[in-house]
Amino acid sequence: MSPDSKPILNVSKVVKRFGGFYALDGLSFHVVSGEILGLVGPNGSGKTTAINVISGLYAPDGGEIVMDGVSIGGMASHKLVHRGVNRTFQVPKPFMSLTVRQNIEVALAYGRAAVTPPTTEALLDEYRLAEVADRPAADLNNVQQKILDLVRALATRPRLLLLDELAAGLNPTELDWIAERIKALAQTGIAIIVVEHLMGFIEHITDRVIVMNAGKEIFEGKLAVAVQVPQVIEVFLGGEHAA
Ligand SMILES: Nc1ncnc2c1ncn2[C@@H]1O[C@H](COP(=O)(O)OP(=O)(O)OP(=O)(O)O)[C@@H](O)[C@H]1O
Ligand SMILES: [Mg+2]
């Protein structure tokens with residue numbers, strides 16, 4: 001990332017309420033193309049809600065989300081996919097009755113038209129799903145379903161990719177492998193936001209982190225610096241996660 005790169009995404013003072021509860025309470029940050037930005041914070045701090053609002057699952061109740069100079073807050077998910085925004089889910093949701101191959105083909109057909117799509121075979125090989133290509137997604141284990149969720153998102157040719165706890169539940173070998181895949185994707189110019197509790201993984205792959213607490217940013221910068229900030233330490237040690 002060059003420091004003067006123009007952000008692909010600007011999140012500014014975004015609010016998301018559920019009833020009277022503020023899940024996002026004035027969240028602001030940006031991400032540039034080719035960057036891997038970590039979004040960390042204790043359980044319930046609003047990380048998934050941030051991804052849900054950016055990816056169009058929920059409309060924000062305040063603030064602004066701007067991608068490439070266009071306000072996208074409240075835009076429907078399918079329109080955002082065509083603009084190059086896609087995400088994975090904390091609990092993956094492939095089409096369970098479709099085969100792995102069919103899941104990928106649906107995503108390929110649905111994706112950003114301007115970009116030459118990868119082939120299903122290339123994705124199956126690269127993401128180690130070739131052996132299960134003709135099995136229904138319901139037959140896959142949790143890790144395979146997570147990888148399929150990533151491949152489904154990639155098949156739509158995103159420019160901004162939001163990963164919600166993709167690495168949770170992976171073994172050390174799988175973690176190394178997925179870390180390299182994510183870094184390679186960023187090198188192609190995709191902006192990637194990674195939500196994760198695994199701090200070693202975050203340290204390894206991110207350029208920069210946003211630490212969230214109670215729907216707000218409390219730190220922005222390198223993770224190595226974040227872990228020395230008293231407010232950040234207190235939030236992590238005081239919460240359920242001492243990761
Ligand atoms: N659809 C919803 N309806 C009501 N409350 C919600 C909804 N989604 C999230 N919340 C609440 O908003 C807060 C933030 O939740 P969110 O899922 O964004 O946290 P998170 O940082 O992703 O946590 P975790 O690390 O446990 O995944 C929580 O208190 C949660 O209960
Ligand atoms: Mg979450």
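In helix α5, the residues Q144, Q145, K146, I147, L148, D149, L150, V151, R152, A153, L154 and A155 are buried, a residue being buried if 20 or more other C-beta atoms, placed from the backbone, lie within 10 Å of its own, exposed if 12 or fewer, and partly exposed in between. The model is a predicted one, in which local features need pLDDT of at least 70 and side-chain atom pairs count only at pLDDT 80 or more, while totals for chains, interfaces and linings use all residues. Residues are numbered from 1 along each chain as its sequence is written, and chains are lettered from A and ligands numbered from 1 in the order in which they are written.

**Helix α5**
- Helices (H or I, at least four residues) and strands (E, at least two) are DSSP runs numbered from the N terminus, and α5 is mostly covered, with 12 of its 14 residues buried.
- The cover over the buried residues of α5 includes β6 (85-87), α3 (100-110), α4 (120-126) and β7 (160-164).
- From its first C-alpha to its last, α5 reaches 20 Å, close to the 20 Å expected at 1.5 Å a residue, where the expected span is 1.5 Å times one less than the number of residues.
- After α5 comes R157, whose phi is positive, near 60°.

- Leaving aside residues up to four places away in sequence, V194 touches I36, G38, L39, L163, I182, I202, I205 and T206, contact being counted when C-beta atoms, placed from the backbone, lie within 7 Å.

**Ligand 1**
- Around ligand 1 stand F18, A23, G41, N43, G44, S45, G46, K47, T48, T49 and Q90, each with its C-beta atom, placed from the backbone, within 6 Å of it.
- Helix α1 (residues 47-54) supplies the largest share of this shell, 3 residues.

**Open sheet**
- An open sheet is formed by 4 strands in the order β2-β1-β4-β5, with antiparallel pairing, two strands being paired if DSSP finds at least two bridges between them.
- The edge strands, each pairing on one side only, are β2 (21-32) and β5 (70-71).
- Strand β4 (residues 62-67) is joined to β5 by 2 bridges, and M67 stands opposite V70 in β5.

**Loop residue N171**
- N171 lies in the loop between β7 and α6 (172-187), and N171 is exposed, with 9 other C-beta atoms within 10 Å.

Key:
Contact = placed C-beta atoms within 7 Å.
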